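Have the 3D view open as you read.

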Amino acid sequence: MDVAAIRTSKLSKNYGLGRGLFDLDLHVEQQEVFGFLGPNGAGKSTTIRCLMGLIRPTAGAAQIFGLDCVHDYVAVKRKVGYIPGEMPQFGSLRGSEVVAYLGALRGGADLKRVRTLAERFNLDLSRRYREYSSGNKQKLAIVLAFMHQPRLLILDEPTSGLDPLNQQEFFALLSEAREGGSTVFLSSHILSEVERMCDRVGIIRAGRLVTIADLDELHAIRFHHVELEFAPGTELPVKAIRSAAGVEDVVAADDTVSCIVKGSFEPLLDALRGSTVTNLVSHEPSLEEIFLEYYREAAPAKAMTP
Amino acid sequence: MAAYLLALRLGRWGIAGFGAVAFLVTLLQSVGFYQIAGRTQAERQAFGRSISVLAAQFSVIIPLPTRPDTVGGYVQWRAFGFFAIVFAIWGLAAASGAMRGDEERGIVQALLASGLSRPRMIAARVAAFATAAIVAALAASTGLLVGVASGGETFSAVTALEAAAALAALGVCCYSLTLLVAQFTSARNTTAFAGMLFLALFLINSLSRTFDELLRWRWLSPFHYYDQSSPLAPGGTLDVRATLLLLGIAVAAASLAAFAFRYRDVGSPLIALPTTARRPSYEMSRSPVWRVPVVRDLYERRFSLLVWTVGLSALGAVFVLLTKAIVKPLLAIPELAPYFAIFVNGNIYASFLGFIWFGFAQLLMAGFAITQVARWTAEDSDGRLELVLSSPLSRPRVVVERLIVLTFGALVIAAASGVGVGLEAHSQSVDLNNRRLAEASLMLVPFTLVFGTVGALLASRIPRATVGILGAFAFASYLTVQLGPIFKLPAWAQDLSAFKLFGQPLTSGVDQTGLAIMLVIVLVGVVASAVVMERRDIGA
């Protein structure tokens with residue numbers, strides 16, 4: 001049986017005052033693309049830094065391919081490609097020199113692979129690093145993370161600064177990496193990013209994991225925006241709609257009523273019995289709205305106390 | 001007003017640090033005067049004569065003293081002469097950071113986007129630094145007044161204020177000149193270009209005290225105008241014209257800087273070299289230097305290493321010239337024979353050179369170590385260490401590689417400076433023991449490593465405060481050697497200073513005990529740094 005690419009057990013990093021990461025249990029299978037979602041300050045980067053052995057957990061443990069992230073951090077790095085949340089300064093070094101420098105720290109980089117990646121993202125490696133735009137710095141980070149074809153990619157908001165065309169290219173590269181056998185752990189606060197790439201998604205807030213779900217499960221929590229238009233002069237059945245099970249956020253204006261319907265439409269249709277509905281529009285929310293709705297519900301119960 | 005207050009806030013640590021140093025130095029020097037100068041008129045006159053002889057050794061750095069037998073004359077020479085260098089460096093660093101550093105950090109863009117005009121921004125920055133310089137200079141004067149009061153004497157507050165005025169004027173002048181230089185250089189090169197300019201202006205003035213050929217050029221140097229005032233010494237005055245001239249230069253330089261700033265692009269120098277169009281390259285560098293640990297780091301900092309190496313070699317040669325020029329006439333004074341008999345061990349040229357050159361070289365090498373440590377902490381704060389450690393590299397290896405790079409750098413600089421001193425000594429027919437010179441030069445390496453390992457330990461534990469603490473350690477270490485004998489500090493306390501551990505290898509040979517202690521400090525420092533680095537959080 002294959003060992004998990006990433007496994008954490010009660011992983012915690014307590015910075016005090018309720019800040020940090022608390023009791024994180026994760027299990028990412030090999031060749032899985034796992035999205036790690038959360039707003040700024042939720043604990044995504046703290047989790048990633050724990051996995052990379054850059055910070056020591058105050059409790060719990062993290063393993064990558066069965067190796068302890070604290071004690072075996074050198075061996076772990078041999079298997080990992082990493083994109084940090086922010087690229088550092090390399091001053092007057094040229095892009096080609098930054099790649100050579102960091103490639104040498106890994107025992108050498110494949111010239112052909114580097115050229116292929118740089119060409120793919122149209123990254124001019126002859127320019128000095130300080131002349132790079134933020135987008136070019138991010139492209140360089142991608143080259144550095146992918147150049148040694150790692151078994152696991154840990155990517156902290158990898159598309160930040162990339163234009164849409166390069167984002168497309170990045171997603172294509174990610175697909176190829178996955179097909180090549182790599183596992184991907186990708187943090188983001190943009191749902192559309194994980195929507196198109198990930199098998200499963202972990203949602204984190206205030207340092208605590210709110211849920212782990214595959215995309216189908218996320219869609220199961222789906223709800224609908226509904227707009228109802230009534231015949232002119234009809235008395236609006238607002239009271240009945242408001243009391244219908246699964247119906248929320250009811251807003252009435254002129255001859256229209258808008259609301260959110262969770263789960264079955266039956267209660268709403270029952271409430272409309274006897275009214276003349278001239279138009280009914282229902283549309284699915286974006287994954288982002290699902291995410292926010294999930295947050296709204298999960299927050300008070302689970303995520304407030306460390 | 002908001003831009004002025006923001007500039008003050010951004011510079012608050014500089015004001016606090018330089019103000020504290022200025023206060024402490026004048027306080028210690030004035031208190032120290034009463035400890036060593038004696039109480040009777042005769043004792044103080046004898047003290048004054050010996051100080052005058054001693055001061056000749058330092059004339060390349062600070063002007064000769066006037067009436068060092070008085071507390072005012074002594075502090076003017078010992079503290080306010082040294083402050084000229086300190087305030088110039090402060091002005092340079094502050095202006096370089098305020099102009100081009102803040103451009104890189106985006107602060108300048110944010111200010112200009114708020115509707116502030118460029119000339120007003122320059123004016124606010126200059127006004128804020130002027131305020132800072134005045135505060136720090138007043139702290140220096142306050143230290144003097146407190147120190148004099150502790151000796152049971154009184155001192156004119158007006159005179160102390162005059163000394164502060166001259167000092168602040170020099171600081172503002174250097175600040176504005178750096179602002180002007182910053183308009184014509186890339187952000188990365190501002191400090192280097194302004195530093196070279198100030199070094200040249202400083203040397204023109206200081207060397208003109210020894211070499212007459214430079215007298216006709218010293219009008220170019222702001223340090224010359226500062227030297228015109230010595231209000232603390234009896235009979236000395238504040239040269240109002242020279243001080244106003246310093247302020248005039250400051251205003252003119254700031255106005256020109258504001259004018260130039262209006263016409264340049266933010267982030268670029270006023271006159272940018274045209275770049276030629278070239279095809280993009282997608283190739284990784286194939287240079288073998290990147291593959292070899294240590295070599296790649298030395299290669300990356302090759303230009304700064306070259307500047308340090310050439311600079312120290314040239315300074316070493318200049319100090320040989322100075323030794324020759326100063327010692328020769330002193331030997332002709334019969335009254336000084338007893339002094340030399342007491343203080344000079346063997347060859348007077350070697351003793352003199354050993355004292356002034358290696359004393360100065362120690363300071364510079366401590367500075368070299370601090371710049372390297374500052375680089376390590378910058379790598380930590382800007383995320384480079386995080387990226388490096390995302391490679392399969394152990395943390396102790398990072399610490400050890402850094403220190404090996406520092407060792408090689410110090411070795412190259414020390415060796416080159418030794419060669420420079422040796423060659424110039426040979427050409428000047430100054431008799432030096434080559435073996436001793438080699439040993440003394442090489443002793444600079446463990447000396448540098450003491451600061452390097454202390455810095456590595458601090459950088460492993462508290463990177464953000466490292467440079468400040470290490471600078472304070474170097475300062476305290478230097479003061480211990482300078483003031484330890486005056487304040488009769490116990491021997492063990494004086495031995496704590498790295499400057500004391502260095503000894504006088506050019507005249508007395510290598511102090512084996514001092515060397516052993518330095519090596520132990522280095523060894524313990526390396527191990528402790530590696531252990532602490534292994535356990536700390538990176539990028540948190």
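H2(B) brings B:Gly14, B:Phe18, B:Ala22, B:Val25, B:Thr26, B:Gln29, B:Ser30 and B:Phe33 to the contact, and H4(B) answers with B:Val71, B:Tyr74, B:Val75, B:Arg78, B:Ala79, B:Phe83, B:Trp90 and B:Ala94. Sort these residues by class and you get eleven nonpolar, four polar and one charged.

Now for the geometry. Two packed helices are described by the angle between their axes and the distance between the axes. Here, H2 (residues 12–36) and H4 (residues 71–105) of chain B have axes that come within 9 Å and cross at roughly 165°. Angles over 145 degrees count as roughly antiparallel, so that is what H2(B) is relative to H4(B). As for handedness, H2(B) passes H4(B) in a right-handed crossing.

Next, zoom out to the two chains. Chain B puts 29 residues in contact with 34 residues of chain A. On the chain B side, the elements giving two or more residues are helix H11 (295–300) and helix H15 (384–388). H15(B) gives the most, with four residues. By class, this side of chain B has eleven nonpolar, eight polar and ten charged residues.

Finally, how far can you trust what you see in chain A? Its average pLDDT is 88, and 91% of the residues score at least 70. Residues 301–306 of chain A, though, have pLDDT below 50, and this stretch has twelve contacts in the model beyond near neighbours in sequence. Where pLDDT is low, the predicted coordinates should not be read in detail.

Notes: Residues numbered from 1 in each chain as written. Chains lettered and ligands numbered in written order. Predicted model: local features only at pLDDT ≥ 70, side-chain atom pairs only at ≥ 80, totals over all residues. Axes fitted to C-alpha atoms, helices over the stretch in contact; angles between N-to-C directions. Parallel < 35°, antiparallel > 145°, perpendicular 65-115°, else oblique. Left-handed = near helix turned anticlockwise from the far one by under 90°. Contact = placed C-beta atoms within 7 Å. Nonpolar A, V, L, I, M, F, W, Y, C, P; charged D, E, K, R; others polar. pLDDT = per-residue confidence, 0-100.
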